[in-house]
Amino acid sequence: MRRSRDSLPGTLLSRLPALAVELVGRKVDVIVASADPAAHAAKNATSTIPIVFLAGDDPVGDGLVASLARPGGNLTGVSFLAAELYPKRFELLSELVPQARVIALLVDPNIPATEHVMPAVQEAARAKGVQLHILKASTESEIDAAFAALVQRKAGALVVSAAPFFYYRREQLAVLAARHAVPAIYASREYATAGGLISYGTSLPADLRQVGIYTGKILKGAKPADLPVLQPTTLELVINLKTAEALGLTIPPTLLARADEVIE
């Protein structure tokens, strides 16, 4: 069950249950669900066809599997550490823009992972003594409105949460961040290559490769219940120097030295 370019909000989100039922009706051998809503739609549609997911922070708490080590049903896959990485992203952003006393967090309210993300970032903000504003968006126009609110609240930096919708609107996000001169940190390198300032997170190609490996194992006879849910081991820090220069930022040498990739 692939994400379209418009991703999961709106029309496609509402169609997911019907799409999942359609796949079940076709008697496919395995369903691949590359986002939380798709995984839940597939789970609701079948308890027998194997499902391999790439999902968010807490597949156990969100009801996808019984446990990470023993999924116990017809689902398994990769959890991409949605909440655990936000304190580190917050720390990196604070290191990059230490003068920012107000920081905004942009979330998609339509995905389950948001419930785990917001408390993690709020705690990181309290630890740094920084004021946090949470902005919500699940449509293109709401992203525009979020940036207008960000400017109105005089936020000095922005954390963009890991949401499928934002991933497919990453160019819009990079353009708006540049237009409003707001340093922002994102969840994966694809944002930085699209013009975003800095990203820190799992490697999406590596995650999808593992999903493919699990799918291959299931097609050869393995059962999802016997395949533990994996958590990524590859984390990438990517910095876009061209964007930093446009924002008038000097990247600390210590931060550059830790980068896995520097885009010039």
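## A buried aspartate

Contact here means heavy atoms within 4.5 Å. The model is predicted. Asp36 sits in helix α2, which covers residues 36-45. Setting aside neighbours within four places in sequence, Asp36 is in contact with Leu54, Ala55, Gly56, Asp62, Phe80 and Pro112.

Is Asp36 buried or exposed? Its relative accessible area is 6%. Buried means under 20%, so Asp36 is buried.

The largest nonpolar core has 37 residues. Leu106, Ile143, Leu158, Phe166 and Leu173 touch the most other members. Several elements give two or more residues to this core, among them strands β2 (51-55), β4 (102-107) and β6 (157-160). The largest share, 5 residues, comes from α5.

Take Ile143, one of those core residues. Not counting residues up to four places away in sequence, Ile143 touches Ala137, Phe165, Phe166, Arg169, Gln172, Leu173 and Leu176. A second core is separate and has 33 residues, including Leu85, Val107, Tyr200 and Leu255.

## Where α3 meets α4

Helix α3 spans residues 86-96, and helix α4 spans residues 114-128. Their axes come within 9 Å and cross at roughly 40°. The two helices are therefore oblique to each other. The crossing is right-handed.

Which residues make the contact? From α3 come Tyr86, Pro87, Phe90, Glu91 and Ser94. From α4 come Val117, Ala120, Val121, Ala124, Ala125 and Lys128. By class, the contact of α3 with α4 has 8 nonpolar, 1 polar and 2 charged residues.

Technical notes
Residues are numbered from 1 along each chain as its sequence is written. This is a predicted model: local features need pLDDT of at least 70, side-chain atom pairs count only at pLDDT 80 or more; totals for chains, interfaces and linings use all residues. Side-chain values use heavy atoms; hydrogens and water are left out. A nonpolar core is a set of buried Ala, Val, Leu, Ile, Met, Phe, Trp, Tyr and Cys residues joined through side-chain atoms within 4.5 Å. Buried means under 20% relative accessible area, exposed over 50%, partly exposed in between (1.4 Å probe, protein chains only). Helices (H or I, at least four residues) and strands (E, at least two) are DSSP runs, numbered from the N terminus. Axes are lines fitted to C-alpha atoms, for helices over the stretch in contact, and angles run from 0 to 180 degrees between N-to-C directions. Angles under 35 degrees count as roughly parallel, over 145 as roughly antiparallel, 65 to 115 as roughly perpendicular and the rest as oblique. A crossing is left-handed if the near helix is turned anticlockwise from the far one by less than a right angle, and right-handed if clockwise. Ala, Val, Leu, Ile, Met, Phe, Trp, Tyr, Cys and Pro count as nonpolar, Asp, Glu, Lys and Arg as charged, and the others, Gly among them, as polar.
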